[in-house]
Amino acid sequence: MADPKIRIEGLYKIFGPNPAAAIELVRQGVSKQEMLDANDHVVGLKDINLDMAGQSIQVVMGLSGSGKSTLIRHINRLIEPTAGRVLIDGQDVAQMSKDELRDFRRHQASMVFQRFALLPHRTVAQNVAFGLNIQGLDSGEVDARVARWIERIGLGGYENHYPGHLSGGMQQRVGLGRALATDADILLMDEAFSALDPLIRYDMQSVLLDLQAELNKSIVFITHDFDEALRIGDSIAILRDGEVVQQGDPQSIVLNPADDYVTDFVKGINRGKVIKVATIMRPATDDTEGPKVDGDMLLEDVARLMTREDTGWARVVGASGAVIGVVSTADVMGSMVRLANDDDTAEAAQ
Amino acid sequence: MPSWLTEFPQLDRTTLVELRRGLDQAYRGFSREFGAEIEAFFDPLLFFLVWFERLLINAPWWVVIIAVCALVWSLTRSWKLIVGVAIAFLLIGFFGMWEDTMSTLAIITVCTLVSIVLGVPIGILMARSNRVQMFFMPILDVMQTMPAFVYLIPVVMLLGIGKVPGVLAVVIYAIPPVIRLTNLGIRLVDREVLEAADAFGASAWQRLVRVQVPLAMPTIMAGVNQTIMMALAMVVIAAMIGVKGLGQPVLQSITNQYFTQGLLNGLAIVALAIVFDRVSQAYGKRMQQHRGSAIHG
């Protein structure tokens, strides 16, 4: 990976009357629970180290209370860190002056909120224009850009509606439009789709992926939904009790969960939508017949193709087009259900 | 038994008298010294009030009614209200209270404007800092509970009898609601929306004028409405220090036991109050159209 867009180094956040003193205790290994009981301090984040690549979607996943919303608020410094650095293109956000920070928030990082946080007294168009108004652009420029974004996020015809009259999904489109309109490089999304119905959520994920394919923003996406994390994340960091327990691309997390906490998440998911066929293939043999599939193809798609073709074997090809391995129907099916199988066996044995 | 147990150990008479006399004289000295300057300070206000009152009185009655109805239309877009307002003003004129009503209308308008101009910024300051709030709260409590006659005394000592002390007394009496509700309204603004404003790099000023004040507007308007009502209630008391208007005939009726005159003028005040109340509420509601039926989330 080239230089990361966002690098978080040794980040601590402790809430309480005397964070500076408390941080020493935490560094000496006093546990979160002890800090709360004996010292009246809440450890929000503990020694977070994360590199987030530019032009990709970094998901930060965790259950409520894991510190993920606290973490994302350090990137645009809505929350002051107790210790540590948050480097954006090498510049430490925590060291910025008031003016620099304001400028950074206006032009470099915009944000989408869980409960939309739209201005109820302003129309859809005026809400999308909010960031541009704050930047102080003249109204001609604002109108042109707003019109473009409203069209792009599928809100054409709703310009003069008020947010209160729209459904949740539509409101979050406005929130997304407001964030994109500033042309900021970094997009911070704090559980942006968590308040939406499952179908609408899926829809909005598609909207985001489409936009990302075209815009190549650096997106930090917070969620508590592992399926969502797998679907949109180029890279995932899993947070628990204010600490990163695992980070990596979706497939590596599914294949090698770091601990029980992560295993619990992985258990329920559809592995066929995460694992790529190249991961499970066997060495190529000359005499194997069968359709050619791309190594990056997901197991689910391979299974569909093999079923349609009614074949027992498929040949996996690499980027160059050469055959690099083979898989059988049994391999594919086995990898899709393996973990569930293990669980069943374990439960049956008890 | 020692005497301080049977009788309250109060200051003795002479000390008390001297204390009072000393304070009074100090204040009198102060008003003699600075009264002229303070009066001069209020000259623009007096000028505006006199100009506005003359304008209302000298304009033909039908022009005033049309102007008021046009204002009501621009604020509320409600035909019902306009008809009601027109009938109220016609009845007032019909019973011979036109001029007094115009004087009262002028002073209420000026007092409300002064209250808003002073009260909204004070409310905003209170919302921004708990310390400022702690400072103003007891003052507001005193202003609202102190009998109005008591603070008429220093106002009259300082500025004599007339319109300006009248405005001052009415404003002191009527300003607390607009301050309190501005403070409350701004404190109640959704924290997430404020966070969004911060996240987009809004300065403190942008946050205030683009987010806090607009979102607090319904509450602020409720405060303005209360302020107008209290100003109207104060009109009769202000008449005691020479404010012209509907209050004077009421005072006259009390001293001479003219029941009907008192009732008619009282009803005119009530009519004005209803007009102000309905118009400001309808305006507030019209501003809140965006809070439609759909539920957030």
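Where in chain B does B:Val189 lie? In this predicted model, B:Val189 is placed in the loop between helix H9 (163-187) and H10 of chain B. Although it belongs to a loop, B:Val189 is buried, because its relative accessible area of 6% falls under the 20% limit. Apart from residues up to four places away in sequence, B:Val189 touches B:Leu194, B:Val211, B:Gln212, B:Leu215 and B:Ala216.

The overall make-up of the two chains may be described next. Chain B has 13 helices and zero strands, and its pattern along the sequence is accordingly written as α-α-α-α-α-α-α-α-α-α-α-α-α. The C-alpha trace of chain B spans about 75 × 55 × 45 Å along its principal axes. Of the 297 residues in chain B, 43% are buried. Among contacts in chain B with a separation of 6 or more, 76% are accounted for by residues 24 or more positions apart.

The secondary structure of chain A comprises 15 helices and 13 strands. Its C-alpha trace extends over about 70 × 55 × 40 Å along the principal axes. Chain A has 350 residues, and buried residues make up 50% of them. Residues 24 or more positions apart supply 66% of the contacts in chain A with a separation of 6 or more.

The interface between the chains was then examined. The size of an interface is often given as the accessible area lost when the parts come together. Between chain B and chain A the buried area is about 2,400 Å², and carbon and sulfur atoms give 60% of this area. The contact involves 31 residues from chain A and 22 residues from chain B. Five residue pairs in polar contact, with both residues at pLDDT 80 or more, are found across the interface of chain B and chain A. The elements of chain B that give two or more residues to the side touching chain A are helix H10 (191-199) and helix H11 (204-239). Of the chain B elements, H10(B) gives the most to this side, with seven residues. One salt bridge is counted between chain B and chain A. This salt bridge joins A:Arg73 to B:Glu195, and the closest N and O atoms are 2.5 Å apart.

Helix H4 (residues 98-107) of chain A has A:Leu101, A:Phe104, A:Arg105 and A:Arg106 as its buried residues. Within chain A, the buried residues of H4(A) pack against helix H3 (68-75), strand S4 (83-88), strand S6 (109-112) and helix H6 (130-135). The buried residues of H4(A) also pack against H10 and H11 of chain B.

Two further buried positions lie within helices. B:Met221 is found in helix H11 of chain B, and B:Met221 counts as buried because its relative accessible area is 15%, under the 20% limit. Leaving aside neighbours within four places in sequence, the residues in contact with B:Met221 are B:Ser280, B:Tyr283 and B:Met287. The C-alpha atoms of B:Met221 and B:Leu105 are separated by 19 Å, the two residues being 116 residues apart along the chain. In chain A, A:Gln251 is located in helix H11 (residues 250-255). A:Gln251 is likewise classed as buried, since its relative accessibility is 15%. With neighbours within four places in sequence left aside, A:Gln251 is in contact with A:Val274, A:Ile275, A:Lys276 and A:Thr279.

Over all chains, the count comes to 14 aromatic pairs. One of them, B:Phe89 with B:Trp98, is edge-to-face, with 6.2 Å from centre to centre and 70 degrees between the planes. B:Phe89 is buried, because its relative accessibility is 3%. B:Trp98 is also buried, because its relative accessibility is 14%. In chain A, ring pairs link A:Phe226, A:Tyr261 and A:Phe265 into a cluster. A ring also takes part in a contact with a charged side chain, as A:Arg231 lies over the face of A:Tyr202 at 3.8 Å from the ring centre.

Terms used: Residues are numbered from 1 along each chain as its sequence is written. Chains are lettered from A and ligands numbered from 1 in the order in which they are written. Side-chain values use heavy atoms; hydrogens and water are left out. Rings of Phe, Tyr and Trp (its six-membered ring) pair if their centres lie within 6.5 Å; planes under 30 degrees apart count as stacked, over 60 as edge-to-face and the rest as tilted. Buried means under 20% relative accessible area, exposed over 50%, partly exposed in between (1.4 Å probe, protein chains only). A charge sits over a ring if NZ of Lys or CZ of Arg is within 6 Å of the ring centre and within 35 degrees of the ring normal. Contact means heavy atoms within 4.5 Å. Buried area is the accessible area (1.4 Å probe) that two parts lose on being put together, summed over both. A salt bridge is a side-chain nitrogen of Lys or Arg within 4 Å of a carboxyl oxygen of Asp or Glu. A polar contact is a pair of N or O atoms within 3.5 Å; within protein, one must be able to donate a hydrogen and the other to accept it, and residues adjacent in sequence count only if both atoms are side-chain atoms. Helices (H or I, at least four residues) and strands (E, at least two) are DSSP runs, numbered from the N terminus.
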